[in-house]
Amino acid sequence: MGSWPVYNLSHPLSATAISVFPGDPAPRIDTIRTIDEHGFHLNTVTVGEHTGTHWGAPAHFTTDGATADQLDAEDFVLPGVLIDIGDRTERDRDYALTVADLLSWRDRHGPFPTEAAVLLRTGWDRYWGTADFAGVDAEGRMHHPGFSVAAVRWLLDEGVLGYRGALGTDAFGPDVGVDDSFEVSKLLYREHRLSLEILTRLGNLPARDFTVVVGGFITEHGSGSPATIYALLGSPP
């Protein structure tokens, strides 16, 4: 039986080495059973749905949008593409992916798949666990890169984000940090589309021809879940 490369795109869930979205609760991990005392090890984990590497469901931003338990299995397994803007974000913390970037990617790598997970490598995972990850300025505004509204409208119009599909990023979310209206998220979170956030190790991936597999809690009425997210390169045997 053959095998194919598998990459874990998730940060470990930690109560200490973590960046928390401003205003969100910090996670707690408490050991309540030990092998020495009880014969087995057990922790309790208290965590927000959108803490650490996670996915968001449409209900996170869309009234009457699908909750976690209303999504389909197919929503969590998607063809993936990677767009790398790390060179631009080193010069501009507020860089937003443009339509021109998308057209350039298509010229180099061919047509986008439909109903895809479009992953954006910004290089922001290098700041994980530090104040630079949020980049909050003296006026309380965050600074991190993301997708422009025009780019997301293009992805929608071209069918790259269809009934199902996803935007992914190694930063806090698909919106640039300075946009506190979350316009990109509001465009994305319709139908059965997901947001994959705070990913890592995206530099290991090729531009295309991989599959994104998303795990996590399927919580009743949930708006998302902490997650382990994998990329499978090539085609399974």
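Trainee: How does the lining of the second largest pocket split by class?
Mentor: It has eight nonpolar residues, eight polar ones and no charged ones. Keep in mind that this is a predicted model.

Trainee: Which residues lie nearest the centre of that second largest pocket?
Mentor: Leu 13, Thr 53, Pro 226, Ala 227 and Thr 228, out of 16 lining residues. The space in there is about 200 Å³.

Trainee: And how much space lies in the largest pocket?
Mentor: About 430 Å³. The largest pocket has 25 lining residues, with Phe 21, Phe 61, Met 142, Phe 172 and Phe 182 nearest its centre.

Trainee: What about the classes in that lining?
Mentor: For the largest pocket you get 11 nonpolar, eight polar and six charged residues.

Trainee: I spotted Phe 172. Which aromatic cluster is it in?
Mentor: Phe 172 is clustered with Phe 21, Trp 128 and Phe 133. Phe 21 and Phe 172 are also among the residues nearest the centre of the largest pocket.

Trainee: How many aromatic pairs turn up in the whole structure?
Mentor: Nine. One of them is Trp 105 with Phe 112, which is stacked, at 4.3 Å centre to centre and 25° between the planes. Both of those residues are buried.

Trainee: What kind of pair do Trp 124 and Tyr 127 form?
Mentor: An edge-to-face one, with centres 4.9 Å apart and 80° between the planes. Trp 124 and Tyr 127 are both buried too.

Trainee: Switching to helix H4. Which residues are buried there?
Mentor: H4 runs over residues 149-157, and Ala 151, Val 152, Trp 154 and Leu 155 are buried. They sit on the same side of H4, because they cover an arc of only 155° around the axis.

Trainee: Why would residues three or four places apart point the same way?
Mentor: Because an α-helix has 3.6 residues a turn.

Trainee: OK, and what do the buried residues of H4 pack against?
Mentor: Several elements, including helix H3 (99-109), strand S7 (117-121), strand S9 (166-169) and helix H5 (183-188).

Trainee: What happens just after H4?
Mentor: Gly 159 takes a positive phi there, about 80°.

Trainee: Last one: His 221. Where is it, and is it buried or exposed?
Mentor: His 221 is in the loop between strand S11 (210-214) and strand S12 (224-226). It's exposed, with a relative accessible area of 63%.

Trainee: What does His 221 touch?
Mentor: Thr 67 and Asp 69, leaving out residues up to four places away in sequence.

Definitions and conventions
Residues are numbered from 1 along each chain as its sequence is written. This is a predicted model: local features need pLDDT of at least 70, side-chain atom pairs count only at pLDDT 80 or more; totals for chains, interfaces and linings use all residues. Side-chain values use heavy atoms; hydrogens and water are left out. Helices (H or I, at least four residues) and strands (E, at least two) are DSSP runs, numbered from the N terminus. Buried means under 20% relative accessible area, exposed over 50%, partly exposed in between (1.4 Å probe, protein chains only). Contact means heavy atoms within 4.5 Å. On a 1 Å grid over the protein atoms alone, a cavity is a set of points where a 1.4 Å probe fits but cannot get out, and a pocket is an open set with protein on both sides within 12 Å along at least five of seven lines; lining residues have an atom within 4 Å of a point. Grid points are joined across faces, edges and corners, and a volume is the space filled by probe spheres set on the points. Ala, Val, Leu, Ile, Met, Phe, Trp, Tyr, Cys and Pro count as nonpolar, Asp, Glu, Lys and Arg as charged, and the others, Gly among them, as polar. The arc is that of the directions from the helix axis to the C-beta atoms. Rings of Phe, Tyr and Trp (its six-membered ring) pair if their centres lie within 6.5 Å; planes under 30 degrees apart count as stacked, over 60 as edge-to-face and the rest as tilted.
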